[in-house]
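Subject: Handing over a structure, with notes on what was found in it

Dear colleague,

I am passing on to you the structure below, and I would be grateful if you read the notes that follow with it open beside you.

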Amino acid sequence: MPRTRLPSPRLQPRDLSRALEEEQDLLLAAAYVSDAQYNRNVPFKTSPQAIRLYYFYNHWTMQGATYFFICVDLSLALFEEPALFPLPFLVTSIAELLCLTAFFGRLVHFAKVIPQMVFWKDTKNICIMVTIVLTLIDLITYGSLKAANIHSVRWSRALRPVFLINFPEGRQIRRTFRSIRNTLPDILYVFLLFVFSVLIFSLMGLKLFGDRGLKTVEGSPYFTNILEIMFELYVLVTTANSPDVMMPAYELNWWYSLYFITYTIINTYIFMSVFLAVVYNNYRKHLKNEIRKLVHLKCYKMTEAFNILKVKVGTEFVVKEAQWKRLAKVVVPDISTSHLELLLRISDEGQKGHVDKRNFLRLADLLNIQVVTINIKRHPLEAWMPRVYQSSASLLVQKMVRHRIFVWVYDVIILINAIFIALDEKIPFISDAEWLFLSLYIIEILLKLYTYEPRAYFGRKQFWNWFDTLIIIAALLATVANTTIQSARKYNSQQVLDMVLILRILRLLRVIVSIQRFRVIVTTLINIGPTMLTFGGLVLVSGVPVAILREVVYYVFAIIGMEAFHGKVRFFDPNFTAPDALVCGNPALRDSAFARDRYCRNNFNDLTSSLVVLMELTVVNQWHILADGFALVTHQAAKLYFIVFHVVVVILVVNIFIAFILEAFFVAYSLEKSEVETAIEKKIQELGVGVQEEDVQDGKLTDNMDAKDSGFSGDGEDNKRKALKGLYFRIASRKYRTVDTLLQQMFESEIAPEDEGPSLNEILSFSSSDMYPKNPNFENSA
């Protein structure tokens, strides 16, 4: 909870009450602004006690503890049977009880913050409570049966991702789930049409090839069972069994190849493309609707904060400068004075001593943009030995290092180094040349440190400088270690040699630093990375907005796979000669492609092995071999598990992931190439205290600076460098320019600042169809 100053005890009771009321109003307004800043939608109670509990609920320690127990709960699958690192059931059950206690405590804390009716109407809270109860029931039942030596299934483990998804901290993942849920109806019709197409071709295949006595390579009947035909044709859509599946018919008559070619064109290329188009279109539409809700909710929260703090000055309501500063300090306690003054200059455009409503509503966005304060200082050598550092020879060296030709020379050196890396290092000349390249790289770093201020060169945001330096130092140490080991003639460390080779290859990544277009692409990928991880997490739950989505899906399918297929396939050391080793420990796999291809390590005997198998299924190559293998050791119905996984992950989630990547990359890439400036950037430049983000790459803190804006008096580069001293600002990165931000700006432009906007209930009931005119005509189209 942010600290606020208590009113002085010398105040009169009436003044004391007023001061306390102002403090409570300030805390309430700060809570609204904080919710708008982080896109939280929690209808908290506005009583003083509830507000303080809400601040404590959102404190980073509480959120960190929640994530810690969620991670512990999910990772228990590593230690439970079937386990990668087995632990006694008592230990894992106690750990799970502690996690459930923490989740229940978090839920009770949340119930104290929001109104009781709202709490019980929230589906998220019900899901958490039901999951806790079901987990306890399963834990007690499993423990009792285990004590009686009766085998049972820990079915509740598949429910563990519910805690990750349904706690308020998982709002990004929930939003992704909602987008998928809203997209499903449109995908369903395409999927049913696709299944109908597969069924039609299966019937055609049965009539064409069923009575011809054809055999597969393994000697099995060819296209005689309708269910087997449907499975083989579904696998053909993924191209995993092409051209094997058509060879018996193709060998009989080459005209039969037209059947498979027609099927591939219709189902692999047309239907799969339609899937992507439908997913992309609907996902984008529903995502915009979600963003529109966020925009209006943010506007609603900021309006509530403004109404709490507003006072009337003349004919309009405003927030006083002192109150605005106190509010910003409560929302962001560690904000620097210079940063606060900069934001105030942006918000109080006319320097009137107050902030109007239009500028007040931007406060949450302004706080979201990280502004770095740069205190540009003289080079230490310039302070220690100014005469030497400012000598003609020294200035010539600095000028050479700053020149573009210096960069080009080292680009050529890197390319030559790449050629030498590709050659056989056993040749003495090639191995000796490595020392030459290392020496040249070290000289380059030393020259840059001599030219540029070291603290600026190794600043927090100078990723490429850190990467370059660490790679060179690590390569030097590894090369020295490898040479020392070889000269001792006692042994040759393959691990050290591998490290040396890897570090040599990583040095080639320095080309990315030199070519601007490469840097734009890589920077764009880095900027959309966090949001990609959010989506990725959803998939892991099925095994952790798309990366967490995918991880969620992986986790769930991994748990189900371990319960269904644990111990059915075993891996033996390659040197093990027992008969069981040839059939992966299961006679049912004798003469199967699964055993023949030595897929024994692809099993569901622990969590990590299960996740590896699921990743192989996602790649889809040879996934039908895995499905056939596990069907042989269990039942043919086991193929449904693999088909459902393919439909959910490859067709649905991966297509949504591609849709998100396309949208995010197009937006981020176009923003990287544009000259769009935010209000902060404009104000920084107007005040003449700006350093562009590009100006600090490779430590070039003075390149491309405008002498007029910076107060430079000389025309020369050296005069400019001498003048550039003191306090400057720059935007930390472009990471705030994400897809969400772009869409928010799109909808914010439709909201007039004097408009109170829709009510809270109207905002929450928005649908994607509301975004488009019901009766389109020329005017509303324009």
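A residue is called buried when its relative accessible area is under 20%, exposed when it is over 50%, and partly exposed in between, with a 1.4 Å probe and protein chains only. Helices (H or I, at least four residues) and strands (E, at least two) are DSSP runs, numbered from the N terminus. This is a predicted model, in which local features need pLDDT of at least 70 and side-chain atom pairs count only at pLDDT 80 or more, while totals for chains, interfaces and linings use all residues. Residues are numbered from 1 along each chain as its sequence is written, and side-chain values use heavy atoms, with hydrogens and water left out.

Helix H19 (residues 404-422) has 19 residues, which at 1.5 Å a residue should span 27 Å, and its end C-alpha atoms are 28 Å apart, which agrees; the expected span is 1.5 Å times one less than the number of residues. Within H19, the buried residues include Phe406, Tyr410, Asp411 and Phe420.

Next, the cysteines. A search of the whole structure finds one disulfide, a term that stands for a pair of cysteine sulfur atoms within 2.5 Å. The disulfide is formed by cysteine 584 and cysteine 600, whose sulfur atoms are 2.0 Å apart, and the torsion about their S-S bond is about -70 degrees, so the disulfide is left-handed. Cysteine 584 lies in the loop between helix H27 (579-582) and helix H28 (593-596), and cysteine 600 in the loop between H28 and helix H29 (607-619), so the pair ties together parts that are 16 residues apart in sequence. Both of these cysteines are buried. Cysteine 71, by contrast, is in no disulfide, and the nearest cysteine sulfur, that of cysteine 99, is 9.8 Å away.

Some backbone details also deserve a careful look. Most residues other than glycine have a negative phi, and most peptide bonds are trans. The bond from glutamate 81 to proline 82 is cis, with omega near -10 degrees, and proline 82 is placed in the loop between helix H3 (60-75) and helix H4 (89-113). Serine 242 and proline 243 are also joined by a cis peptide bond, with omega about 5 degrees, and proline 243 is found in the loop between helix H9 (226-237) and helix H10 (247-252). Valine 620 has a positive phi, near 75 degrees, and is located in the loop between H29 and helix H30 (623-633); with a relative accessible area of 14%, valine 620 is buried. Glutamine 622 has a positive phi near 65 degrees and is placed in the loop between H29 and H30, but is partly exposed, with a relative accessible area of 25%.

With kind regards
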